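Trainee: Could you walk me through this protein model? I would like to begin with the whole chain and then move on to single residues.

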Amino acid sequence: MNYLRYFGLRELPFNITPDTSFFFACRGIQQALNTLLVAVSNGEGFIKITGEVGTGKTLLCRKFLSTLGPGWASAYVPNPNLEPRSLLLALAGEFAIPGENLEPHRLEKELVQRLLDLARQGKRVVLCMDEAQAMPLPTLETVRLLTNLETEKRKLIQVVLFAQPELDRKLQSPSLRQLLQRITFQHRLLGLAADELKGYLAHRLTIAGSTREFPFTSSAVGAIHRASRGIPRLVNVISHKALLVVFGEGGRRAGRRHVEAASHDTPAAAPLGRWWLPRLGRALD
């Protein structure tokens with residue numbers, strides 16, 4: 001019997017790939033989503049969402065984009081570690097502009113014209129940039145200059161920066177002081193609170209098709225929170241490995257000792273104390 005059938009699942013519940021069907025509106029994530037929706041409705045130029053690795057920035061970005069209605073045109077740049085021209089080419093591609101053979105000034109002109117056309121159609125434009133802490137300073141300045149474009153009523157393009165906290169240090173550069181002043185809304189993502197973790201686990205199991213008994217004891221849930229520090233990606237990794245241990249033993253529910261084995265096998269997890277590595281090793285064979 002395979003893992004999914006053993007636990008009565010249709011798909012893996014703790015996959016680390018961002019999937020909006022598994023979106024869980026914990027307090028921090030819901031506050032961030034509300035901040036985004038209010039900010040873009042107000043027509044602000046820059047919005048900043050920061051959080052440590054694994055706190056759900058990419059999933060939040062995808063959920064936000066999926067909530068935008070037909071009155072919006074959106075662009076998504078997943079890796080903005082690009083020089084200014086490469087970024088403009090990426091944006092041209094997002095807005096269906098054939099710009100590969102255009103000179104930089106012509107490329108900018110075509111992009112501006114496209115934004116004006118969208119404004120005339122009554123559409124508002126939002127650009128979401130993931131991993132924005134990796135963006136070179138000249139590219140950040142190029143993005144700022146794009147947000148200078150506006151009609152009498154509003155900006156032609158709004159920008160949401162999703163980034164690790166390193167972006168905050170980068171924004172302290174004197175050359176970016178104008179951009180820093182234009183960030184009017186921001187939110188910092190934290191991990192799941194201890195009282196949210198069981199709901200998070202149950203939500204993902206339900207979405208994955210589970211109709212059986214919740215497969216974690218209370219002590220296991222507490223251990224998962226301590227080991228993961230509430231970081232959703234680590235919660236997923238540790239929970240999946242703990243269930244693998246249970247599967248390997250032929251058990252039904254994960255307890256603290258299963259979480260200890262899983263966390264020991266996860267380099268980024270906080271130590272929990274005693275563990276039994278061979279148990280996890282046999283489940284993975």
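**From the whole chain to single residues**

Mentor: Among contacts in the chain between residues at least 6 apart in sequence, 73% join residues that are at least 24 apart. Please keep in mind from the start that this is a predicted model.

Trainee: Okay, and how many helices and strands does the chain have?

Mentor: The secondary structure comes to 13 helices and five strands, and the C-alpha atoms fill a box of roughly 65 × 40 × 35 Å when it is taken along the principal axes.

Trainee: What percentage of the residues count as buried?

Mentor: Of the 285 residues in the chain, 47% count as buried. The accessible surface comes to about 13,700 Å², and 52% of that area belongs to carbon and sulfur atoms.

Trainee: Let's switch to charges. How far apart are the mean positions of the positive and negative charges?

Mentor: They are 6 Å apart, with 37 positive and 25 negative charges in the chain. In general, side chains of opposite charge can pair when their charged atoms come close. In this structure there are ten salt bridges.

Trainee: Which residue meets Arg27 in a salt bridge?

Mentor: The side chain of Arg27 meets that of Asp195, at 3.1 Å from N to O. Arg27 lies in helix α2, residues 27-41, while Asp195 lies in the loop between β5 (183-189) and α9 (197-207), so the pair ties together parts that are 168 residues apart in sequence.

Trainee: Are those two buried or exposed?

Mentor: Arg27 counts as partly exposed, at 46% relative accessibility, whereas Asp195 is exposed, with a relative accessible area of 59%. Arg27 and Asp195 are also linked with Glu196 in a network of salt bridges.

Trainee: And what about Asp117, which residue does it form a salt bridge with?

Mentor: Asp117 forms one with Arg120, and the closest N and O atoms are 2.8 Å apart. Because the two residues are three apart in helix α5, which covers residues 104-120, they are separated by about one helical turn. Asp117 is partly exposed at 28% relative accessibility, and Arg120 is exposed at 60%.

Trainee: Where do Glu141 and Arg144 sit?

Mentor: Both are in helix α6, residues 137-146, and since they are three residues apart there, about one helical turn separates them. Glu141 is partly exposed, with a relative accessible area of 22%, but Arg144 has a value of 5%, which is under the 20% cut-off, so Arg144 counts as buried.

Trainee: New topic: where is Thr147 found?

Mentor: Thr147 is in the loop between α6 and β4 (158-163), and it is buried, with a relative accessible area of 1%. Leaving aside neighbours within four places in sequence, Thr147 is in contact with Gly45, Phe46, Lys155, Ile157, Val159 and Arg182.

Trainee: Last one, then: which residues in the largest nonpolar core touch the most other members?

Mentor: That core has 51 residues, and the ones touching the most other members are Leu60, Phe64, Val160, Leu201 and Phe216. If residues up to four places away in sequence are not counted, Leu201 touches Phe14, Phe214, Phe216, Val221, Ile224, Val235 and Ser239. Apart from this core lies another, of 32 residues, among them Leu91, Ala92, Leu107 and Met135.

Conventions
Residues are numbered from 1 along each chain as its sequence is written. This is a predicted model: local features need pLDDT of at least 70, side-chain atom pairs count only at pLDDT 80 or more; totals for chains, interfaces and linings use all residues. Side-chain values use heavy atoms; hydrogens and water are left out. Helices (H or I, at least four residues) and strands (E, at least two) are DSSP runs, numbered from the N terminus. Buried means under 20% relative accessible area, exposed over 50%, partly exposed in between (1.4 Å probe, protein chains only). Contact means heavy atoms within 4.5 Å. Accessible areas come from the Shrake-Rupley method with a 1.4 Å probe; for residues, only the protein chains shown count as cover. Lys and Arg count as positive and Asp and Glu as negative; His and the chain ends are not counted. The place of a charge is taken as NZ of Lys, CZ of Arg, CG of Asp or CD of Glu. A salt bridge is a side-chain nitrogen of Lys or Arg within 4 Å of a carboxyl oxygen of Asp or Glu. A nonpolar core is a set of buried Ala, Val, Leu, Ile, Met, Phe, Trp, Tyr and Cys residues joined through side-chain atoms within 4.5 Å.
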